[in-house]
Amino acid sequence: MSKFLSLEWFKNKVDHSVEKVIEKKLDTLMNQQDEAAGQPFSSAKLVNDVLTIVMNDGSVITKMDATEDHYAAVQLAKNVADLYSIVSDPSVVSEKIEEEKRIARLLALREGLSILRESGEFTVDGDSVYFKGISRSLPQLLVEELIDEVSRAKELGIPLNDYDGYQSLKRFFMWCALNPRAEVAHELYRFLKENSFRITKQGFFVALRNVVTLHGSPELVHFISNTYNKVKAVWKKSPDDYTVFLQNGEYKLVHDDKLYREETRTSTVCKECWGEGGYYNFDDTYADQDEWDETEWIECDNCGGTGEVEEYEYTTNVMVDHGEEIGKLTALYLDLPNRHENRFTDDWTKTFDIRVGKVVNMPKEQCNWSTQDCAAAGLHFTSDQIHYVGCGDQSVLVLINPMKVVGIGTHKGRCYEYLPIMTVPRDEATEILHDNQFDTLQLDEEYAIRELEDLEAKVQEGFVSESSKYEFNLPNVSSADIRNIVGSLEDMKAEIRDRVVSLD
Ligand SMILES: [Zn+2]
């Protein structure tokens with residue numbers, strides 16, 4: 001085993017039972033929908049090498065250079081999308097198909113808007129969509145994503161407020177709306193989407209950057225930060241149930257259930273008298289004075305006074321030797337900022353004190369708020385163009401609050417604060433944010449609680465100080481909006497507390 005517990009290692013040990021149930025449910029639903037819809041076309045024929053499909057609405061799709069295989073595939077198509085993928089070989093994508101796709105998308109969007117309206121969470125005004133009570137409209141890309149999440153929650157019968165996919169998008173938007181720079185707030189989702197960033201349940205996003213190791217051997221920092229976050233993100237388990245050991249020079253992660261081993265033993269000692277053959281009678285003459293009457297010996301019935309019985313088996317818990325116990329995983333993680341081998345810095349200025357588990361920030365007035373120039377001042381981050389964000393010997397995964405982003409470029413962005421949550425092995429740096437089994441939704445509870453402290457005051461102050469600079473457009477957000485947005489975000493506080501309590 002290497003000094004990291006790799007993503008692959010965690011994935012191989014994952015318990016898929018929950019996802020399988022959901023997948024199966026989705027499959028069944030989709031099949032039901034397909035069956036209800038019936039055959040997605042009215043007729044199809046193959047003449048020479050021209051395949052002609054007449055759709056249910058009377059429109060026609062044709063494919064040149066078609067074969068028997070294409071024809072057979074059409075017969076098996078479950079929906080219109082299947083048909084498009086059969087005919088839309090790059091050589092035959094016709095304008096007609098593109099046009100139909102565009103119309104289908106518009107229809108889907110219109111239908112989606114009514115789903116949003118029905119959910120009771122949104123105000124839909126023409127093509128503009130708002131969260132109820134907040135006068136800032138949603139960017140179209142976010143509207144499309146919200147339609148997907150709201151529909152999925154509806155299909156699964158999960159209330160919207162319990163559905164992580166929906167909650168994360170909603171909270172992401174709320175944090176964005178608190179960003180004093182309008183362009184960043186409006187474009188951030190598109191930027192994150194195009195660059196495969198991932199969002200957490202509390203609405204933050206996960207990014208990568210490089211740092212320089214200051215001390216020679218941060219193995220324990222690697223081990224703890226990787227296992228803590230991967231237990232959450234890959235296994236979806238609580239790190240509270242794990243203990244870290246050092247054995248034969250390597251760190252080891254052990255679940256509470258594996259700390260002890262049940263062992264079967266045999267004995268001939270009588271369980272009734274513990275091998276004594278009998279016991280003294282209890283003297284209750286003086287009610288307040290518990291004592292045994294040492295004059296009255298009662299012989300044990302079970303063993304007839306011998307203290308021994310026929311050999312029987314019993315089980316006992318024996319502590320398993322896992323090596324030296326380093327500590328409980330959660331406690332170790334929360335203590336990381338205090339560990340002296342947890343010290344990194346940035347390659348450019350070599351002045352930042354970077355520690356896993358501790359927020360890194362710079363004065364926001366020193367950040368350049370440009371959207372274009374990514375060599376500008378600010379703390380840089382990326383999702384998978386890791387070679388662009390600062391040199392260094394170590395990549396780290398960081399959480400960023402959308403409210404604190406100051407600029408976005410093509411592949412990377414800048415913020416004035418981030419929280420490094422784990423070191424990332426070099427060979428995982430390019431894939432970890434693309435890996436669907438690494439579920440970032442679970443990563444941010446401690447950070448969320450911290451970010452909610454004095455939020456309204458911080459936001460008001462942020463807007464006031466930025467508005468005095470005349471450097472950029474301030475978004476159109478009223479004090480009432482800010483109050484409503486902060487109120488909506490504060491709901492997560494109670495939710496996180498409930499969860500933390502239920503884990504104990
Ligand atoms: Zn006995």
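Tutor: Start with the naming: helices (H or I, at least four residues) and strands (E, at least two) are DSSP runs, numbered from the N terminus. Residues are numbered from 1 along each chain as its sequence is written, and side-chain values use heavy atoms, with hydrogens and water left out. This is a predicted model: local features need pLDDT of at least 70, side-chain atom pairs count only at pLDDT 80 or more, and totals for chains, interfaces and linings use all residues.

Student: What follows helix 8?

Tutor: S196 follows helix 8, and its phi is positive, near 55°.

Student: How do you know what span to expect of helix 8?

Tutor: The expected span is 1.5 Å times one less than the number of residues. Helix 8 (residues 182-194) has 13 residues, for which 18 Å is expected. From first C-alpha to last it reaches 19 Å, close to that value.

Student: Where does helix 8 bend?

Tutor: At L188, by about 45°. That is the angle between axes fitted to the seven residues ending there and the seven starting there.

Student: Why are residues of helix 8 called buried?

Tutor: Buried means under 20% relative accessible area (exposed is over 50%, partly exposed in between; 1.4 Å probe, protein chains only). The buried residues of helix 8 are A182, V184, A185, L188, Y189, F191 and L192.

Student: What makes strand 8 and strand 14 a pair?

Tutor: Two strands pair if DSSP finds at least two bridges between them. Strand 8 (residues 242-247) and strand 14 have four bridges, so they pair, in the antiparallel sense. T243 stands opposite K328 in strand 14.
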